[in-house]
2 protein chains.
Amino acid sequence: MSATVIASLGAMSRWEPGAAGRLRSAAMELFAERGFDETTVADVTERTYFRHFADKREVLFGGEEQLQAAFLGAIAEAPEGLSVLAIVDAALDAGGRALEEVRARDDARARNAVIEMHAALQERERLKLARLAAAVAAALEQRAVDTLDARLAGDLLVSVFTTAFAQWIAPGHDRRLVELQREALLSLRDLLAPA
Amino acid sequence: MSATVIASLGAMSRWEPGAAGRLRSAAMELFAERGFDETTVADVTERTYFRHFADKREVLFGGEEQLQAAFLGAIAEAPEGLSVLAIVDAALDAGGRALEEVRARDDARARNAVIEMHAALQERERLKLARLAAAVAAALEQRAVDTLDARLAGDLLVSVFTTAFAQWIAPGHDRRLVELQREALLSLRDLLAPA
């Protein structure tokens, strides 16, 4: 057995992100080709598959906790005295980078195409984003931001993230998610700037 | 038959908003007392009921189109040359007023309590708000606002509306929804103002 083969077997151990990522890509391609409902777990090599994902949905929604942890971690760790805007900006950078790490752009495109075809998956996605907004608001309240501002800032973060994300996965686009987020946040500031 | 009785029977005709409003209040109280799943249509006087609502859910989600029409109407009718912010502000005023007209505050409180107890109803509510944000974005694009700004502004309108709405139905509060919306919009502007 060559060193490369041994290394790649090592990479298949349960919590290795690279292997899970490759399996996710493979499953995602199948979903895109055959449709989510039509793809059976057997189609994506059952045994290996279950080493990494609890079920089919997990392929689409796995990584959610990591993403949320990145946003929340940045809020918890922001230096004292930063404005709410600066904290949101730092959280968007951390979350955007985390997303680009866990999910390749083509993978995100395939995922999105699958979700758009299924009302139940869209609902799961909306719920995820609603929870993210609420978690961001709660994390900001922990930083002594008042309830109203924290809620508005949580919604704002999710709005900027999803708007930039939609651009990031649009066909033919190749700019970084974090850049697109910064631009969207600037656009929002311009929209709200006194005339 | 006294003039008052005749007048009140007249008020029960199919599309009269006052009668539908009273029936909605009665049903809402039953939902709050007995639970949404436990309340049968028979409980709320079947025959009269169906004159006004297609089903139980309609009691909770009826009036949705009117509300959306108020927001969108204000966007369509805003004078030429207004900033996006001024258009959003006008839309919030129109939508907030429309909501206060179709639903009494205590009614809105009872409705909210019911929705919070049922995951399926929460999903319906999230879907409604996601559609409102998308419809606002589309209406702004009709006014030649660019796609990115329109999307951010649609999210922003829904964020301000839902944040103010949560305050409006908080126990013991008695300020007007439109006022709370104006304040929330100002808070959001302050959050995003350059330091």
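The largest cavity is lined by B:Glu64, B:Leu67, B:Gln68, B:Lys128, B:Leu129 and B:Leu132, where lining residues have an atom within 4 Å of a cavity point. This is a predicted model, in which local features need pLDDT of at least 70 and side-chain atom pairs count only at pLDDT 80 or more, while totals for chains, interfaces and linings use all residues. Residues are numbered from 1 along each chain as its sequence is written, chains are lettered from A in the order in which they are written, and side-chain values use heavy atoms, with hydrogens and water left out.

- Helix H5 (64-77) and helix H8 (119-142) of chain B are the elements that give two or more residues to the lining of the largest cavity; helices are DSSP runs (H or I, at least four residues) numbered from the N terminus.
- By class, three nonpolar, one polar and two charged residues make up this lining; Asp, Glu, Lys and Arg count as charged, Ala, Val, Leu, Ile, Met, Phe, Trp, Tyr, Cys and Pro as nonpolar, and the others, Gly among them, as polar.
- The largest cavity holds about 50 Å³ of space, the volume being that filled by probe spheres set on the grid points, which are joined across faces, edges and corners.
- Three cavities of 30 Å³ or more are present in the structure, a cavity being a set of points on a 1 Å grid over the protein atoms alone where a 1.4 Å probe fits but cannot get out.

**Interface of chain A and chain B**

- Contact (heavy atoms within 4.5 Å) involves 28 residues of chain A and 28 residues of chain B.
- About 2600 Å² is buried between the two chains, with carbon and sulfur atoms giving 66%; buried area is the accessible area (1.4 Å probe) that two parts lose on being put together, summed over both.
- In chain A, the most area is lost to chain B by A:Leu152, A:Leu191 and A:Leu192, together 27% of what that side buries.

**Polar and charged pairs**

- Two salt bridges cross the interface of chain A and chain B, each a side-chain nitrogen of Lys or Arg within 4 Å of a carboxyl oxygen of Asp or Glu.
- Over all chains, the structure holds 18 salt bridges.
- A:Arg126 pairs with B:Glu123 in a salt bridge, with the closest N and O atoms 2.8 Å apart.
- This pair joins two chains, because A:Arg126 lies in helix H8 of chain A and B:Glu123 in helix H8 of chain B.

Terms used:
1 Å grid on protein atoms, 1.4 Å probe; cavity = no way out; pocket = protein on both sides within 12 Å on 5 of 7 lines; lining within 4 Å.
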